[in-house]
Amino acid sequence: MSELELELKGEEELTGLSENTTYITRETTISGDIDIDGDIEMEGRVEGNIRCSGKLVVGGRVIGNISAGELYTSQAHIEGEIVSRGMVKIGTGSVTMGNISAESAVIAGAVKGDIDVRGDVVVDSTAVVVGNIKSKDVQINSGAILNGMCEQSYAQVDVNKYFSENIESLD
C-alpha cells in the first residue's frame, strides 16, 4: 500500500467514514437537494434535502429532510425530518427540530419532535427532548429533560395482561 492509501485507511478507521467521503466545508452553502451513495461530512450549510446511503456527520446547518444510513451530529442545527436505517446520535450542542425515525438513537442535544426508534433510545443527561418517544427500550439519564411521553410499543411484553381480571404475577 502507498503512503497515501495507508493515511486514508487510518483516517477511515479513526472516523468511521470511507475514503470516498464527500466533504462540505464550513464556508460552503448549498441550495438544493443532495443525493450521494456513500458518506458525507458537512460543516457548512445545506438548504435542501439530503439523501446519503452511508454515514452522515453534521457539524453545520441543514434546513431540509435527511435520509441516511447513520447520522451523527455535533454542534449542528437541523430543521427537518430525520430518517435513518441505523443509528442516530444527536450530540451535545446540537439542535434538531423535526421528527426522528431510526433503528437506535442516542440523544445528548436538543430535539423538538417525536422520536420513533425500533430499538434502544438513550436520552443522555445533557438532552432536552420536547416530543414523544416510541421505542423498544428507553434509558433516561439523570439530568435529562423530557417533555413528552414514552411508549415502549416495540417491546415484546403485553402490558395489558397485568391489569386484566385474571391478574398475573410480575415474575
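Predicted model: local features only at pLDDT ≥ 70, side-chain atom pairs only at ≥ 80, totals over all residues.
Reader: Which residues touch the most other members in the largest nonpolar core?
Author: Ile40, Met42, Ile50, Leu56, Ile107 and Ile115 do, out of 32 residues in that core. A nonpolar core here is a set of buried Ala, Val, Leu, Ile, Met, Phe, Trp, Tyr and Cys residues joined through side-chain atoms within 4.5 Å. Buried means under 20% relative accessible area, exposed means over 50%, and partly exposed is in between, with a 1.4 Å probe and protein chains only.

Reader: And which strand gives the most to this core?
Author: Strand β6, residues 50-58, with four residues. Strands are DSSP runs of E, at least two residues, numbered from the N terminus.

Reader: New topic, the open sheet. What's the strand order?
Author: β2-β5-β7-β9-β12-β15-β18-β21, eight strands with parallel pairing. Two strands pair if DSSP finds at least two bridges between them.

Reader: Which ones stand at the edges?
Author: β2 (29-31) and β21 (145-147); each has a single partner strand, so one side of each is left without a neighbour in the sheet.

Reader: How many bridges join β12 to β15?
Author: Three, between residues 95-97 of β12 and residues 110-112 of β15, running parallel. Val95 stands opposite Ala110 in β15.

Reader: OK, β17. Which residues are on its covered face?
Author: Val121 and Val123, while Asp120 and Val122 are on the uncovered one; the strand covers residues 120-123. In a regular strand the side chains alternate between the two faces of the sheet.

Reader: What does β17 pair with?
Author: β17 pairs in the parallel sense with β14 (residues 104-107) over three bridges, and with β20 (residues 137-140) over four, also parallel. Val121 is the bridge partner of Ala105, and Val123 stands opposite Ile140 in β20.

Reader: Last one, where is Gln75, and is it buried or exposed?
Author: Gln75 is in the loop between β8 (66-73) and β9 (77-79). Gln75 counts as exposed because its relative accessibility is 54%. Its phi is near 55 degrees, a positive value in a residue other than glycine.

Notes:
Residues numbered from 1 in each chain as written. Heavy atoms only, no water.
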